[in-house]
Amino acid sequence: MNSLRSYDIKFLKGVGPRRAELLKKELGIASGYDLIRHFPTHYLDRSKVYTIRELNDDMPYVQIKGRFVTFNTIGEGAKMRLVGLFSDGTATLEIVWFRRIKAIRDSLTAGTEYVVFGKPSSFMGVKQMSHPEIDLPSSAAAQQPVRGVYPLTEKLRNANITSRQIAAWVNTLLKSRSRIVDPLPQSVINDNRLMSLDRALSEIHNPTDSESLRQAKLRLKFDELIYIQVDMLRRSMRRKNISTGHRFTRVGEMFNRFYRECLPFDLTGAQKRVIKEIRADVNTGRQMNRLVQGDVGSGKTLVALMSMLLAVDNGLQACLMAPTEILATQHYETISKMVAPLGIEVALLTGSTGRRERQRIHSALTDGSLSILIGTHAVIEDTVQFHNLGFVVIDEQHRFGVAQRAKLWTKNDIAPHVLVMTATPIPRTLAMTVYGDLDVSVIDELPPGRKPIETLLRYDEQRTQVYRAIYAQLRKGRQIYIVYPLIEENEKLDLRSLEEGYQLIRETFKDYSVAFVHGRMKPAEKDYQMNLFATHQADILVATTVIEVGVNVPNASVMIIENAERFGLSQLHQLRGRVGRGAEQSYCILMSKHQIAKTTRQRLELMTQTSDGFLIAEADMQMRGPGDIEGTMQSGIPFDLHIANLATDGQIIQLARRAAEKLIDSDPNLSLPENSLFARELAAASKGIRDWSRIS
Ligand code: ADP
Ligand code: MG
C-alpha cells in the first residue's frame, strides 16, 4: 500500500502531467493509492442484449447489437451533428453525436457488427441514442458483463476523460503492481470472514458477479471503519491512562444547598442519572469528556448548572459556552436567578459586553473571585484568562468549531472537564463512530406535566383556516413563530419569499406586532429582533431557521413552518421544540404545497405522529440518506471515507467496533509483529487530527 501512496499517477501509462494535474484538481487523485480507491459509484449490467423494437424512454442504459446503415451530417457550425442509422433487424435507431464528429465518423464503418451501449430516448417518435459506447463484439469491454461507472466532473468530461478511461487507468494499475499485501491482521480477516484486500480491490473495479461485489464492498467498508474504531478506542484509552483531570472529591455546600433550597422542581430520573454519571467521571482523577444528548426541553441546562456547582464546591471555576448571544444571555438570566440565594458570582461575556464590564470580568476571573462565566465564543478569546478553570460546558456543539473547542486547553495546565450538550439526536451507530472516544449520556425523559405538542399538516389552500387559528391564539395572549426555509442555492429567491411572507403577516395581523429575523442580518439587529419576541414586545416572530437553536419563550404556543417539505425531519423536530415549553397546549403546523412526492408526504406525516427525537433521526437518515448529518460528522472523524457510509452501514460499524475491541484488548499498542502492518496503515490513513480526543 505504501508504495502505491508514493506512486505519482502522472507516471501511469496514458496519464501524463497535464491529465494528472486535472485528476488531482477535479477528483483529488494524486497517487496510485488514490486512484485505486476511486471506486465506481454504480455499475452497468451488460449481460443482456435488447432488441431495438423493445426499447423505450424509461429504460436505463441498455445494450443492443447491429449494424450502421448510413451516416449523415446535419446542420452547420455549433449545431452540426452526426446521425448514424442503426439497425438490428427488428427496428432502426438513430445514433447522434454532437462532439468529436470527425473522429467518430472515421472510426466507424457501415455494415460492420457493433455492440452499442447507451441510454435510449425518442425524439418525435424516432428512437435515439446520443454518444453511446460502441465496441466490436469481440472486444474486452463488450465481454465484461458488469462494469463500474466512475464519478466524473464537467471539466474532466470536456477533457475527454471518460468513466471508461478511468477504468482503463485503474486496470493498468491493477495489472502492473505487485500483489497488495493485506494490512489487516489475519485473525481479523478470519474472524469476520473477509475477502482479501487484493481480491476486493480487483472486484470492486471489475466485479465478476454480484455476490463477489457485495463481499468486496463489505471488505473495503470494514477497512475504513475499523481504522476509525481502533483509533477512537486508542484515543479514549490514552486519555484514560494519561490525561490527568481535576479530582472533585467534595460534593459540597453549593451543590447540596442548591439541591435542597433552590430547585423549583424535582429532577427527572434521567437528569439524576446523568448527574450521577458526571459525578463519577469527575472523581476519577482523569479528565472527563462526556456528551449529553437530550431532546429539546429535556432539561439539559439544569444538568449543566449542577455540574458546574460541583466544580465550584471544589474551588474551581466553571464556564458555559453557547453558540449565540441570545442563548448565552438566556442561560445567564436563568442561571444567575437560580443561584442567587447561594451568593455565587456569575458573569456574562459576549461580543457586546462593554469595555468596563469586560475588564471587571477579566480581573475577577484571574483573581478567582468569579466562579461561573457564561458566554459566547468570546470566552475563548486569548485575552480571557482563568485562575483555575475546572469545568467547561459547551451547549449545542454543532455550532462550535473543532478549533474553537481546542482553544480551551490552552487556558490552564490541567485540562478542564468537558461536557458537551446536544439536542440533535444522533443514531447510535453514528454516535459510536463520531463520538466513539467520548462517554455518552442520554436524557431520555421529559419533565413531567408537559402537554405533548399537537402537530398538524396543512396545505396552502387551508391557509385562511390556519390564520384563523393563529388569531384565536393571539387573542389569548399567546405568541407565534412563523418559520421560512432558507436554502443557500437559491438564497435570493428565498429571501424574497421570506420578505413577502413578512409583509403578508403584517397586513394580515394588523393589530399585532411582528418581529423579523434572518441569518443575513447583522448580529446586533438579529438580537434586537429576537429580544422583541423574547420580551413579548412582539407577538409574532417571522424567521428563518436561525431560531433553531435553543431559544426559550414559554409563552409561544404555535410554530408555523412554511414549505415544511423543504426541511429535514430532524430540523423540523428541532424547530418544533421551540414551542410546548409553557403550561399551554401548543401546536406545530407544517405548511406544504399540495403537490408533493409520496415519500415527502410520508415524512411529514411521521412528524404528526411522533415526538421521539431518536426515532425521527433514524427515519430521517433512512429516508433522506445521511445528508447534513453525515457532512458535519465526517468532518469530525480523523479519516476520509470513500466507500463506507456512516448513516447506512450501521451493521458494518458494529462489526468493525467489535473487531477493534478484540484487537486492542489483545494488543493495546499494536506492537505485535502480526499487527505492525496494520499499525503503519492506520498512521498513514489518518488525516492527522492529533488532538481529537482532547477536543471534545
Ligand atoms: P433543553 O434540554 O432543551 O436545554 P432546558 O434546560 O432549557 O431544556 O429546560 C427546558 C425547561 O424545562 C426549562 O424551563 C426548565 O426550567 C424546565 N425543567 C428542567 N428540568 C425540569 C424538571 N426536572 N422538572 C420540571 N421542569 C424542568
Ligand atoms: Mg438548551
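Predicted model: local features only at pLDDT ≥ 70, side-chain atom pairs only at ≥ 80, totals over all residues.
Between β3 and β4 lie 4 residues, and the two strands form a hairpin. Gly89, in the turn of this hairpin, has a positive phi of about 95°.

Strand β3 (residues 81–87) also pairs with strand β2 (residues 62–74). This pairing is antiparallel and consists of 7 bridges. Phe71 has Gly84 in β3 as its bridge partner. The hairpin of β2 and β3 has 6 residues between the strands, and Gly75 there takes a positive phi near 75°.

A polar backbone atom of Gly297 is 2.6 Å from an oxygen atom of ligand 1. For Gly299, the distance from a polar backbone atom to an oxygen atom of the ligand is 3.1 Å. Lys300 contributes through its side chain, with a polar atom 2.8 Å from an oxygen atom of ligand 1. Ligand 1 taken alone exposes 560 Å², and the protein buries 80% of that.

## Salt bridges within helices

The whole structure contains 24 salt bridges. One of them joins Glu154 and Arg157, whose closest N and O atoms are 3.5 Å apart. Both residues lie in helix α6 (residues 154–158); because they are 3 residues apart, about one helical turn separates them. Arg157 is partly exposed, at 44% relative accessible area.

Another salt bridge is formed by Arg199 and Glu203, with 3.4 Å between the closest N and O atoms. These residues belong to helix α9 (residues 197–205) and are 4 residues apart, so about one helical turn lies between them.

## A bridge between distant parts of the chain

Which residue forms a salt bridge with Lys221? The partner is Asp649, and the closest N and O atoms are 3.1 Å apart. This pair links distant parts of the chain, since its members are 428 residues apart. Lys221 sits in helix α10 (residues 210–241), and Asp649 in the loop between α24 (627–634) and α25 (650–666).

Are the two partners buried or exposed? Lys221 has a relative accessible area of 16% and is therefore buried, the limit being under 20%. Asp649 is buried as well, at 7% relative accessibility. Elsewhere, salt bridges with shared partners connect Glu133, Asp135, Arg147 and Arg164 into one network.

Technical notes. Residues numbered from 1 in each chain as written. Chains lettered and ligands numbered in written order. Heavy atoms only, no water. Polar contact = N/O pair within 3.5 Å; in protein donor to acceptor, adjacent residues only side chain to side chain. Areas by Shrake-Rupley, 256 points an atom, 1.4 Å probe, with all protein chains shown as cover. Salt bridge = Lys/Arg side-chain N within 4 Å of Asp/Glu carboxyl O. Buried < 20%, exposed > 50% of the residue type's maximum accessible area, 1.4 Å probe, protein only. Pairing = 2+ DSSP bridges.
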